[in-house]
Each structure stands twice: as C-alpha cells, then as structure tokens.
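Please look at the structure below with its sequence beside it, and follow the paragraphs slowly, finding each part as it is named.

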Amino acid sequence: MSNQAKKDQTQDLIKETAKNLFFVKGKFDATTQEIADEAGVNRTLINYYFRSRDNLIQIIFDEAQKVEHEKSEIIMNSDLPFKEKIGQFIEGSLSTSLQYPYLETYIVSQINKGNCHKKDIEEDELHKLYKDIEAEMELGSIEKMEPVQFLLNMVSLLVFPSAVRPLLMENLMISEKKFDKIISARKDIILNMLFKN
C-alpha cells in the first residue's frame, strides 16, 4: 500500500470514527483524545489530517448536511406521484435513522451552537412543494391544512422517535434491536397517518 493510500485510509478511519461517535452513539462532545482512542490512532494524527477538532467537526457537519440534502432531493426532483415521492422520502429518512440515529439531533445541536447551516430547500422549490401539497388536499388524499402543517407532521413522525431514542428505550423498556425493528416498520404507519387513502 502506498503512503498516500495509508494516509487516505487513516483520514477516512478518523472521520468514520467521529461520525460513529456523533451520529450513532450520540456523543457530540467527544474529545480529540476520545476520537483517537476509538479509532486506535495517535491524537496528533487528528491535528495532522484535520488541523483541529473544530475543522474535523465542520467536515462531518458538512457531510451530515449532504445526507439531509440528498433526502430532500427525493421530494423536490422526482416525477413520481406525490404519495410515492413522500413514501420514498420516508423510507430514505428511516433508513438514515437506523444507520445514524443521532444525525438530526446532531445537526440541530450544531445549529443551536451557531454553526453554519445551509438550507436543504430553496424558496422556489418550497413554494412548488406547497403547491403539490395543496393539489393533493384538493384531490382529497390529504386533510386540508396549511401545507407547512403537513410537513411538520411528516418530519415530526420521522424524527421524534430517533431524537428521543434513549428516553423511549428506557421508559418503554425496549432493546436496541427491538427499537430498530420498530423504526423499520414506521413507513406504512406514517403514510397512513399523513394520507387518507
């Protein structure tokens, strides 16, 4: 293996380890030393590859936002019927929640700290989405409400269980495996709550 390949491999290992600590384990305040220990590397390598913990966090944050943007693209740029688009978005979101249970919580925590956040949807795309929702309401497949309420309902049904995962698991006495199974089964439940037919 070439020196460059080893460097790339180590850099990817550090990044994936940090993502695992932040998005999978929910350890948002993990120190440089904790990341290094978890990755099995010397702490100085994090500074060597990323210059600082903050820079590593920014790179991870940008990657997290990319995942969120890709999910939004499903709704914005698909020619599928509306309910199918929403179904694909829900499926993608649930899959991401299973892979990275604390991703949305991490993004919100970074926004609350004043870290940069890029909008997932542009204003004209949002207006088009609202028109699509209103058209579905006129067809009678969705209860009439402000289009933003439909989106709030959908996002709440998707994100809330993962955002409070540890609390739900403890209070409802649910194991990790059982919780993942519950999340996996939510697509049809959410669609049935959002759509009349």
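How many residues does helix 4 have, and how far does helix 4 reach from its first C-alpha to its last? In this predicted model, helix 4 covers residues 53-76, which makes 24 residues, and its span of 34 Å is close to the 34 Å expected at 1.5 Å a residue.

We can turn next to charged residues. Side chains of opposite charge can pair when their charged atoms come close, and the structure holds eleven salt bridges. In one of them the side chains of K19 and E16 meet at 3.2 Å, N to O; both residues lie in helix 1, three residues apart, about one turn of the helix. K19 is buried, with a relative accessible area of 12%, while E16 is partly exposed at 40%.

Another salt bridge joins D132 and K85 at 3.7 Å, N to O. D132 lies in helix 7 and K85 in helix 5, so this pair ties together parts that are 47 residues apart in sequence.

Finally, consider the loop between helix 7 and helix 8, where S141 lies. S141 is buried, with a relative accessible area of 8%, and its side chain makes a polar contact with the side chain of E136 at 2.6 Å. Beyond its neighbours up to four places away in sequence, S141 touches residues including L194, F195 and K196.

Conventions
Residues are numbered from 1 along each chain as its sequence is written. This is a predicted model: local features need pLDDT of at least 70, side-chain atom pairs count only at pLDDT 80 or more; totals for chains, interfaces and linings use all residues. Side-chain values use heavy atoms; hydrogens and water are left out. Helices (H or I, at least four residues) and strands (E, at least two) are DSSP runs, numbered from the N terminus. The expected span of a helix is 1.5 Å times one less than its number of residues. Buried means under 20% relative accessible area, exposed over 50%, partly exposed in between (1.4 Å probe, protein chains only). A polar contact is a pair of N or O atoms within 3.5 Å; within protein, one must be able to donate a hydrogen and the other to accept it, and residues adjacent in sequence count only if both atoms are side-chain atoms. Contact means heavy atoms within 4.5 Å. A salt bridge is a side-chain nitrogen of Lys or Arg within 4 Å of a carboxyl oxygen of Asp or Glu.
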